[in-house]
Amino acid sequence: MRRMKRLAAAIFLLGGFLGGWLVVTPAAADNYPSRPIRLLHGFAAGGAADALSRIIADGLSKKLGQPIIVEAKPGAGGNIAADAVAKAAPDGYTLGLVTGAHAISAATYKSLAYQPAESFEMISTLVYYALVIAVRNDHPAKSLGELIALAKEKPGSLSFGSVGFGSTHHLAGELLNATAGIEIVHVPYRGDSQSVTALLGGEVPVIVGTPVLLAPQIQGGAIRGLAVTSPTRTALLPDVPSVQEAGIKGYDVRTWAGLLAPKGTPSAVIATLNSATLDVLRDTETRQRLETAVGGEVRGSSPEEMKKLIETEIVKWTGVVERAKIPKI
């Protein structure tokens with residue numbers, strides 16, 4: 001009899017636990033978010049990714065009613081931060097801001113601890129923007145054509161800095177090497193600010209940088225913008241020609257930024273985040289801040305569209321890496 005009572009009590013408790021679980025799970029989704037959210041990015045503080053992260057975090061925090069804490073985990077072209085997001089609990093409280101380098105990593109690394117498209121739940125793209133190829137103002141090259149001529153005279157004698165190996169900035173330079181038939185050696189730095197400092201200090205003669213960070217130096221005369229990497233000129237730097245204007249036909253490199261979460265994050269949470277993100281992107285002030293931060297164009301998406309973008313970019317950059325014979329690491 002005692003054993004039967006104990007069994008009945010155990011069944012009762014188990015039923016209560018399961019019933020409670022079934023009730024609590026939807027309630028948790030309905031109440032999301034109920035505590036602060038972390039937003040990780042993989043580049044140095046003060047750079048474009050950091051600025052974008054803080055702007056979108058501010059907008060989402062107001063929309064969702066919870067603090068969003070931005071955390072930089074720079075290194076390996078954004079891979080360190082992406083890996084941290086992939087391994088985080090899939091509960092919607094750890095998100096990642098990734099750039100075009102997220103897809104490039106699949107092309108430049110022999111193996112990754114995560115899959116750029118499959119290890120995450122996509123939320124939305126945020127913004128697209130071009131890059132700029134620049135030299136210090138006292139450099140002998142007055143145009144991209146002159147820089148290419150100098151590089152052809154002495155292959156391997158010039159170098160270019162970027163925000164890191166595997167970044168879109170890096171691949172933009174490598175694509176220029178491949179399409180122009182030159183050899184400018186890549187030097188990776190930990191973020192835009194360090195590469196700009198290296199250029200001004202004479203460590204490297206050329207950099208591929210983010211236009212919004214170079215614009216004040218270009219307008220002030222310390223740095224000369226030779227070309228933007230988009231097919232046409234940008235509103236931020238209207239006097240800087242495109243790479244195509246220098247005769248490199250078909251050259252087009254534009255990076256992007258977007259939000260994602262760990263694989264397995266509940267669909268209801270992803271839907272909440274996507275809706276909130278698109279609402280934030282529709283806000284006039286936030287759009288202006290994002291576009292000003294990178295000199296680009298705000299463009300939101302569905303999770304499916306963002307995943308398709310990454311898959312397409314992986315194919316594109318794999319082809320560039322193979323044609324340029326860039327060794328994988």
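**An open sheet, its helices and the nonpolar cores**

In this predicted model, an open sheet of five strands has the order E7-E6-E8-E5-E9, with mixed pairing; strands (E, at least two residues) and helices (H or I, at least four) are DSSP runs numbered from the N terminus, and two strands pair if DSSP finds at least two bridges between them. Strands E7 (185–188) and E9 (223–228) stand at the edges with a single partner strand each, so one side of each is left without a neighbour in the sheet. Neighbouring strands are turned by 30° against each other on average, direction ignored. Strands E6 (159–162) and E8 (206–209) pair in the parallel sense over two bridges, and Phe160 has Val206 in E8 as its bridge partner.

Residues are numbered from 1 along each chain as its sequence is written. Local features need pLDDT of at least 70, side-chain atom pairs count only at pLDDT 80 or more, and totals for chains, interfaces and linings use all residues, while side-chain values use heavy atoms, with hydrogens and water left out.

A nonpolar core is a set of buried Ala, Val, Leu, Ile, Met, Phe, Trp, Tyr and Cys residues joined through side-chain atoms within 4.5 Å; buried means under 20% relative accessible area, exposed over 50% and partly exposed in between (1.4 Å probe, protein chains only). The largest such core has 67 residues, of which Leu39, Leu52, Ile56, Leu97, Leu144 and Leu176 touch the most other members. Helix H2 (48–64) gives the most to this core, with eight residues. A second, separate core of 16 residues includes Val98 and Ile310.

Gly296 lies in the loop between helix H10 (284–294) and strand E11 (297–298). At 21% relative accessibility, Gly296 counts as partly exposed.

Definitions and conventions. Axes fitted to C-alpha atoms, helices over the stretch in contact; angles between N-to-C directions.
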